[in-house]
Amino acid sequence: MSGVVGGASNADPAAEVLLAVDGAVATITLNRPAALNALTIPMKERLLVAIEAAAAMPSVGAIVLTGAGRAFCVGQDLRERLEPGASPLDEELARRYNPIVRALRQAPQPVIAAINGVAAGAGASLAFACDLRIAAEGASFVLAFAAIGLVPDSGATWMLPRLVGRARAAELALLGDPLTAADAQRLGLVSLVVPAEDLAAAAAAMAARVADRSFGATAATKRLLDAAFDVDLEATLAGEAAAQAAAGAHPDHAEGIAAFMEKRPPRFSRKR
Ligand code: T3D
């Protein structure tokens with residue numbers, strides 16, 4: 001399946017958010033390359049619809065988020081902000097940005113950011129909100145907020161310290177210097193850096209690997225990792241035990257053991 005979601009019609013060649021499904025992998029592409037995929041109101045609305053649509057598809061086991069052209073996403077379209085009647089920043093966050101971040105975290109499938117170029121402002125926040133990140137060699141992260149007198153938003157102040165630690169998060173947020181893909185990999189912020197021409201294939205391969213796992217166990221792992229910094233050890237142990245009870249009772253577990261014994265790859269059912 002491939003198409004356009006949100007306000008634009010399927011026939012619109014200028015569709016700014018694309019959703020394509022190939023097997024068990026859904027790919028969402030921010031497709032406004034002439035504006036470095038800067039986010040406008042319609043784009044944000046389409047992006048939310050695309051994430052929710054992919055998350056709800058029973059056949060989808062992993063979601064890839066990427067950008068068209070030379071940027072991943074440069075965050076808010078600053079030209080749109082200058083238009084008369086632009087909504088207050090807090091309203092725009094509450095109405096449009098924050099629901100996107102929640103949707104990325106609440107999707108049961110892992111979301112992989114395939115960072116093809118610069119990820120700035122809320123574009124960086126979107127990449128941080130994904131479960132895994134893979135970058136093209138020329139990609140970079142810029143916490144551009146400080147340069148325009150804003151605070152990092154769209155979850156960046158929550159995600160970044162969890163991803164790289166408070167000291168590095170402070171450096172990135174307060175100084176706002178670009179972080180290259182290679183440095184991001186050294187920090188553990190991205191798992192893999194590949195030549196630009198290999199990014200799509202590498203992201204698809206990573207997504208296919210994740211999608212091949214037991215759906216329920218993968219979704220529960222995502223939930224447990226998200227909760228890890230906010231609950232104590234006892235609550236974590238209880239959460240793991242409850243999730244393990246469900247995973248252990250699922251036919252995928254029996255299949256996993258059978259596959260191990262028979263020295264073959266498991267064939268998981270993809271049942272939720
Ligand atoms: O509603 C709310 O506002 C609340 C939410 C806020 C969330 C946010 O995302 S706030 C942060 C917004 N983003 C930025 O401040 C990033 C601004 N852009 C940059 O710092 C740089 O462009 C980059 C570091 C991303 C890339 O630099 P470079 O040298 O590769 O490209 P460039 O020459 O600066 O930009 C190329 C063009 O893209 C240029 O247009 P032009 O001169 O060719 O017509 C530039 O104006 C445009 N552009 C880049 N970023 C944005 C943008 N246009 C609109 N909005 C942008 N965010």
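1. Domain separation. In this predicted model, the centres of domain 1 and domain 2, taken over C-alpha atoms, are separated by 27 Å. Domain 1 covers residues 4-211 of the chain, and domain 2 covers 215-261. To their contact, domain 1 contributes 13 residues and domain 2 contributes seven residues.

2. Domain interface. Between domain 1 and domain 2, about 770 Å² is buried. Carbon and sulfur atoms account for 54% of that area. Which three residues supply more than any others of the area that domain 1 buries against domain 2? They are Arg 105, Pro 108 and Arg 162, with 57% of the domain 1 share.

3. H1 against H3, geometry. Helix H1 spans residues 41-56 and helix H3 spans residues 89-106. Their axes lie 9 Å apart, and the packing angle is about 30 degrees. Angles under 35 degrees count as roughly parallel, and H1 and H3 are therefore described as roughly parallel to each other. The crossing of H1 past H3 is left-handed.

4. H1 against H3, residues. On the H1 side the contact is made by Ile 41, Lys 44, Glu 45, Leu 47, Leu 48, Ile 51 and Glu 52. On the H3 side they meet Glu 92, Arg 96, Tyr 97, Pro 99, Ile 100, Ala 103 and Leu 104. By class, the residues of this contact are nine nonpolar and five charged, with no polar ones.

5. H5 against H6, geometry. Helix H5 (residues 156-164) and helix H6 (residues 166-175) cross at roughly 130 degrees, and their axes come within 7 Å.

6. H5 against H6, residues. H5 contributes Leu 160, Pro 161 and Val 164, while H6 contributes Arg 166, Arg 168, Ala 169 and Leu 172. The contact of H5 with H6 comprises five nonpolar and two charged residues, and no polar ones.

7. H9 against H10, geometry. Helix H9 runs over residues 215-227 and helix H10 over residues 233-249. The two pack at about 175 degrees with axes 10 Å apart. Angles over 145 degrees count as roughly antiparallel, so H9 and H10 are roughly antiparallel to each other.

8. H9 against H10, residues. Which residues of H10 do Ala 217, Ala 220 and Leu 224 of H9 meet? The partners in H10 are Gly 239, Glu 240, Ala 243 and Ala 247. The class count for the contact of H9 with H10 is five nonpolar, one polar and one charged.

Definitions and conventions:
Residues numbered from 1 in each chain as written. Predicted model: local features only at pLDDT ≥ 70, side-chain atom pairs only at ≥ 80, totals over all residues. Heavy atoms only, no water. Axes fitted to C-alpha atoms, helices over the stretch in contact; angles between N-to-C directions. Helix = DSSP H or I, 4+ residues; strand = E, 2+ residues; numbered from the N terminus. Parallel < 35°, antiparallel > 145°, perpendicular 65-115°, else oblique. Left-handed = near helix turned anticlockwise from the far one by under 90°. Contact = heavy atoms within 4.5 Å. Nonpolar A, V, L, I, M, F, W, Y, C, P; charged D, E, K, R; others polar. Domains from an automatic or database assignment. Buried area = accessible area lost by both parts, 1.4 Å probe.
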